[in-house]
Amino acid sequence: MEGKGVKALIVILILLIIGAGAILAYKITKDKENISNNENQTQENTTNILTAEVENKQVQIYKGTDRPIAVMIDNHNGAWPQAGLNQAYMVYEIIVEGGETRLMALFKGVDLDKIGPVRSARHYFLDYAMENDAIYVHFGESPQAGSDITRYSIHEIDGIAEDGVTFWRVKDKYAPHNAVTSTEKLLQSAKNKNYRTTSNAESVLNYVTEDVKLEEGQNAETIVIPHSDLQTVRYEYDSENKVYTRYARNQEQVDWDTDEPITTKNIIITFCDNYTLNDSENKGRQGLYNIGEFDGYYITNGKAIKIKCTKNARDEQTVYTDLNGNEIKVNDGNTWVHICPKNADVEITGNEDQEEVNSASNTSNNL
């Protein structure tokens, strides 16, 4: 009997040991699972954080697959103030007849209730609409523009030919300075015409997310750009907000509806000459010698550098490089591109050293 009792005790001890081992093994397994789950959760959280950081560092001014829309904006002083310019990712300013300039504002992925006043097409603006893969919007056209729109199969929306819905005239300005439109109306018109409304084209400018400071550039707090005897543009640097405020003919430019100042992060100047067309209408319409390599400036964050501006064909993108041939890096923000004559006396002045640059002499001698 005693032997049987000892055997039973041994069996009980063995079972207890096995049970304790099973419990310990289960606990170890669960602990490992918890550790693994925590590691996976930590890794997932880290991945999400890194993904968010990458998304935050994506270029914001030119993103998405919305096709750009290029709108011709009236720049006669009777058209001031204009609507939508602060929401454009690029604005081109180029001479037209009579010493006036006209603007072409490019919009991508924005929703605007009013853009304008919209004005008629000029043929050389098409070059910059094409290089941005943009739908071209205008209200009327010169004969040269009409011919080139057909020649290059431009996707256009012309206010003269529209149904009275896409464009409308406002009462607080006088014709011809009072035709306006909206992005919603333009997109609906584009769809009605079976135009492509998406684009995978790369931006003309080499935007970067890091802050471009142009450390080796000259000080540039005040920039004066005379397009003609009539139209002189001035920019004043706002160091707090790191943008330039725009003035034209000594008048601060503001938004039509909000009265907010018109500002820009980047300024590009290209020196290439315009000329008067020899046509039967004798209205003084202009042409532009814009194919080739031209001198210029890139200005941002209170600094300016000299650049080269190269456009090899009307439907090819302009390439902007520094004097060493490297494509310039452009700050993630809106850009005004000024195309003005080679002899324009552009002044770039820094508040600290009051350095003044005359482009007519310095550009030709030093670039």
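A: Rolling a probe the size of a water molecule over the atoms shows where empty space is left. In this structure, a search of the whole model finds 1 cavity of 30 Å³ or more, where a cavity is a set of points, on a 1 Å grid over the protein atoms alone, at which a 1.4 Å probe fits but cannot get out. The model is predicted, with pLDDT of at least 70 needed for local features and 80 or more for side-chain atom pairs, while totals for chains, interfaces and linings use all residues. Residues are numbered from 1 along each chain as its sequence is written, and side-chain values use heavy atoms, leaving out hydrogens and water.

Q: What volume does the largest cavity have, and which residues line it?

A: The largest cavity holds about 80 Å³ of space, a volume being the space filled by probe spheres set on the grid points, which are joined across faces, edges and corners. Its lining residues (those with an atom within 4 Å of a point) are Y128, T270, N290, G292, F294, C309, T310, K311, T318, Y320 and I339. β18 (292-300) and β19 (303-311) are the elements that give two or more residues to this lining, and β19 supplies the largest share, 3 residues; strands are DSSP runs of E, at least two residues long, numbered from the N terminus.

Q: Which residues lie nearest the centre of the largest pocket?

A: A pocket is an open set of points with protein on both sides within 12 Å along at least five of seven lines. The largest pocket has a volume of about 250 Å³, and of its 13 lining residues, L214, E216, I305, K306 and D322 lie nearest its centre.

How values were computed
Helix = DSSP H or I, 4+ residues; strand = E, 2+ residues; numbered from the N terminus.
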